[in-house]
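Q: I have a model open and want to learn how to read it. Where should we begin?

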Amino acid sequence: MNDTWPYLEIHQSRTHEPTLYEYKLAATLEDVYTHVGHELADVVRGLNARQVHAADGSPWTEDSFRAEMNRLGA
C-alpha cells in the first residue's frame, strides 16, 4: 500500500454513511445494469419492475432518476 500522495480514499466524496434507501438503490442498480441494460430507459424500467421506487415512494421517471442521481452526487 502506498501511504504517500497521490492516493485514493475510496469514500473521499461521501458526506454521510449511506442510508438503507441508498444501499438498496445501489444494489438494485447493479442488478439492473447487469441484467437489463445501461440506457436510461432500461434503468428506469428495471428499477420500476423491481419495485425499487424513488425516496418518496413514487415510480421512477427519466426526469426523477436524473434528479435523484444529481442529488446523490452520482
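Q: Which residues does the face of α1 turned away from its buried side carry?
A: This is a predicted model. The outward face of α1 carries the exposed residues L20, K24, E30, T34 and H35.

Q: And which residues of α1 are buried?
A: The general idea comes from helix geometry. With 3.6 residues a turn, an α-helix points residues three or four places apart the same way. Here the buried set in α1 is E22, L25, T28, L29 and V32. Viewed down the axis of α1, these buried residues stay within an arc of 135°, so they line one face of the helix.

Q: How do I check the length of α1?
A: Helix α1 covers residues 20-35, which is 16 residues. At 1.5 Å a residue, α1 should span 22 Å. Its end C-alpha atoms lie 23 Å apart, which agrees.

Q: What do the buried residues of α1 pack against?
A: They pack against α2 (40-49) and α3 (62-72). Now turn to α2. Its buried residues are D42, V43, V44, G46 and L47. The cover over the buried residues of α2 includes α1 and α3.

Q: Which residues make up the largest nonpolar core?
A: Look for buried nonpolar residues joined through their side chains. The largest such core has eleven residues: L25, L29, V32, V43, V44, L47, V52, A54, W60, F65 and M69. α1, α2 and α3 are the elements that give two or more residues to this core.

Q: What does L25 touch, not counting residues up to four places away in sequence?
A: L25 touches L47, V52, W60, M69 and L72. L25 is itself a member of the core.

Q: Is T28 buried or exposed?
A: Read the relative accessible area, with buried meaning under 20%. T28 has 10% relative accessibility and counts as buried. T28 sits in helix α1. Beyond its neighbours within four places in sequence, T28 is in contact with L47, R50 and V52.

Q: How many salt bridges does the structure hold?
A: Look for a Lys or Arg side-chain nitrogen within 4 Å of an Asp or Glu carboxyl oxygen. The structure holds five salt bridges.

Q: Which residue forms a salt bridge with D31?
A: R50 does, with the closest N and O atoms 2.7 Å apart. D31 lies in helix α1 and R50 in the loop between α2 and α3, so the pair ties together parts 19 residues apart in sequence. D31 is partly exposed at 28% relative accessible area. R50 is also partly exposed, at 32%.

Q: What separates R45 and D42 in helix α2?
A: About one helical turn, as R45 and D42 are three residues apart in α2. Their side chains meet in a salt bridge, 2.8 Å from N to O. R45 is partly exposed, with a relative accessible area of 47%. D42 is buried, at 18%.

Q: Where do E62 and R66 lie, and how many residues apart are they?
A: Both lie in helix α3, four residues apart, which puts about one helical turn between them. E62 forms a salt bridge with R66, and the closest N and O atoms are 3.9 Å apart. E62 is partly exposed at 33% relative accessible area. R66 is partly exposed at 46%. A network of salt bridges links E62, D63 and R66.

Q: What is the value of phi for Q51?
A: Start with the background. Most residues other than glycine have a negative phi. Phi of Q51 is near 55°, a positive value in a residue other than glycine. Q51 lies in the loop between α2 and α3.

Q: Is Q51 buried or exposed?
A: Exposed means over 50% relative accessible area. Q51 is exposed, with a relative accessible area of 61%.

Q: Which residue follows α1, and what is its phi?
A: G37 follows α1. The phi of G37 is positive, near 160°.

Definitions and conventions: Residues numbered from 1 in each chain as written. Predicted model: local features only at pLDDT ≥ 70, side-chain atom pairs only at ≥ 80, totals over all residues. Heavy atoms only, no water. Expected span 1.5 Å × (residues − 1). Buried < 20%, exposed > 50% of the residue type's maximum accessible area, 1.4 Å probe, protein only. Arc of directions from axis to C-beta. Contact = heavy atoms within 4.5 Å. Core = buried A, V, L, I, M, F, W, Y, C linked by side-chain atoms within 4.5 Å.
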